[in-house]
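This briefing concerns a predicted model. It is arranged by topic for use beside the sequence and the coordinates.

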Amino acid sequence: MDSRQVSFTGFDKLGNFATNYIFTPIQTNKIVEYTAVDAVSMVIPRVYIDYNRNEDTGKETARREVLAAFTECIAPGFLAAGLGFMMGKAYDKRFNIATQLYADSTTLEMLKNAWVKTNDAHNEFKGGNYWKKTGDAPKKEVLKDYIEHVLKRTGGLDGENWKHLTKVSEEAVVKAKAKGKESDSLSKIAQDLADIVYEKDKPKGKKLKEIEKRLVNLLGASENLRVIIEDIDSDKIHADAFKDKEKTLETTAKRLIADTVGVGQGILTKVENLNFIKEAIKKSKTISYSKATLTLALISGFGFSQQFINRHITKKKTGSAAFVALSPEALKQEKEKESQDKNAKLKLNVSKALSLSALFAIAAASIAGSVNPKIIKEQIFSKKLLNKLEFKDYWPSTNQLRVFYTSIIAGRMLASADKHELRETDTRDIPGFLNWLVIGGFVSKLVGNHISGGKLMNGAKPKENLPWWKKAFHVIEKNVLVTHAEINARCEKDLINPAEKIKQIRKLNMSIAAGLIYSTLALGVFVPKLNKYITNKLTAKKNDDKNASAAENKNLSPVINKKNEAFADFIKIEQKLHKAA
């Protein structure tokens, strides 16, 4: 069974299936979450609603939404893998190391420090080609110490507090010993991972999942882990040290295990001379940066051009470059108005510039993680930006998606044919960006916090004396939902009983479902209908004015005709009187 899957007695099979194969992947795999929200909440309902406007609008929307989803979520991983493979061909053959790994530069630096420190402790290996000179046992000992070095500097967010894995492991062993039982431990996990690293050619997927489950059950955290980057004595590490984002590596249980094993197998144990390790890691960092930069440039460029291509296809089919959602009458009115307004194009360009400025400001603030201009400048205009945009997994990260989606929306704004299309783009895509990639999951958090009384939340609880709206903002900003694996870990540790576990899992599923329902109604239904209503209202008003004017003229024409007839009779009488005189 997958390490994230949950099995329990008395729970309906359908609910069990939904937990393991729908709600868990949506919560713990960001790309699954983003793709699900995009498809369910934006692509499907928007296409359906726009098809009801007219067929050409529906087709353009379908092309726009489906292609964007593929470009943002699917294409980057394949492109990065291809680039990594090609870069590996040009790599220094002295090392013969893996170049398609997804460990970022911070992870590589942390693992390098652990490896060098471990090997320095083994004096017989210092500076030597130890992989050629030693047998299996010494090599496995080095690998075990290397992995222990990493795990001893690892902490996880469990409830309100960060917990140090070393301390948690020691407490578990003591507690189990007091009961006459044997407990899992940090040392056992390190030994099993060392065996996997050394046994390179054997299948390891199932074993890694099982070890991931053990790590989560021991630490109590699956998605919010941090590893101290600096070489600090494990005994001197306090749990508060994991609160410092600048000095720690943010990761997950799954990614930590995958990176520790992957870099160990693909780089560290392949460089036989310890003196070359730093050089190999430096080159690996260069590849990580290059792979991210090229992928971002290519995907963003393609994303930016999509709406221009989309509109070209629509023009070929309809014979018109105008906004496809406008009715023929509204289109005629817009053309008449533009012909009368010499500054219409300038006004549209100014509006586009303002829209782009707002979009870029939101994107920069979200990537920087702050609305403070000074912090945004420090984060965006420095090497820190590249660190934030590196690949950490096969699929794109949240920050990478922010860049991709920004380029796509920017293209849509600039491709807008008139003010109506630009307004619809702004109304549809800026709230979509905010909900999808900035405050995403806020409904799930609020619902989860409310229905569980805070039991489903990780992070410090809001103060009791705060007003309700401040408590809500605290939950959105400072808290995260627990995962199914973390609830399962609570039960393994006897912190909750099986019945309570079932209740918490059901409530967690309800919270995740609430978020999807909100996104579907707000982004997929309400926004497209709002755009349709506003556009129809603005153009219908002009039609109504013209129709009213025509009707008024029609109603007045008999009166005017009668007045004209009377005036003609008056003229005739006047002419007769003039002749008689």
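Ile313 is found in helix H11. This residue counts as partly exposed, because its relative accessibility of 31% falls between the limits for buried, under 20%, and exposed, over 50%. Ile313 also takes part in a nonpolar surface patch of about 400 Å².

**Nonpolar surface patch**

- Besides Ile313, the patch is made by Leu67, Phe70, Phe302 and Ile309.
- Two helices, H3 (residues 55-89) and H11 (residues 277-318), each supply at least two residues of this patch.
- Helix H11 makes the greatest contribution to the nonpolar patch, giving three residues.

**Cysteines and disulfides**

- A disulfide is a covalent bond that joins the sulfur atoms of two cysteines.

**Second largest pocket**

- The second largest pocket holds about 740 Å³ of space.
- Its lining consists of 24 residues, and those that lie nearest the centre of the pocket are Ala172, Lys175, Ser183, Leu218 and Lys493.
- Strand S2 (residues 161-164), helix H7 (residues 165-178) and helix H9 (residues 205-219) are the elements that give two or more residues to this lining.
- Helix H7 gives the most to the lining of the second largest pocket, with six residues.

- The model contains eight cavities of 30 Å³ or more.
- The largest cavity has about 130 Å³ of space.
- A set of 15 residues lines the largest cavity, and Glu60, Arg64, Phe323, Glu421 and Arg428 are the ones nearest its centre.
- The elements giving two or more residues to the lining of this cavity are helix H3 and helix H17 (residues 419-437).

**An element shared between topics**

- Helix H3 supplies at least two residues of the nonpolar patch, and helix H3 also gives two or more residues to the lining of the largest cavity.

Conventions: Residues are numbered from 1 along each chain as its sequence is written. This is a predicted model: local features need pLDDT of at least 70, side-chain atom pairs count only at pLDDT 80 or more; totals for chains, interfaces and linings use all residues. Side-chain values use heavy atoms; hydrogens and water are left out. Patches are made of residues with over 30% relative accessible area and no salt bridge: like charges are joined within 9 Å, nonpolar side chains (Val, Leu, Ile, Met, Phe, Trp, Tyr) within 5 Å. Accessible areas come from the Shrake-Rupley method with a 1.4 Å probe; for residues, only the protein chains shown count as cover. A salt bridge is a side-chain nitrogen of Lys or Arg within 4 Å of a carboxyl oxygen of Asp or Glu. Helices (H or I, at least four residues) and strands (E, at least two) are DSSP runs, numbered from the N terminus. Buried means under 20% relative accessible area, exposed over 50%, partly exposed in between (1.4 Å probe, protein chains only). On a 1 Å grid over the protein atoms alone, a cavity is a set of points where a 1.4 Å probe fits but cannot get out, and a pocket is an open set with protein on both sides within 12 Å along at least five of seven lines; lining residues have an atom within 4 Å of a point. Grid points are joined across faces, edges and corners, and a volume is the space filled by probe spheres set on the points.
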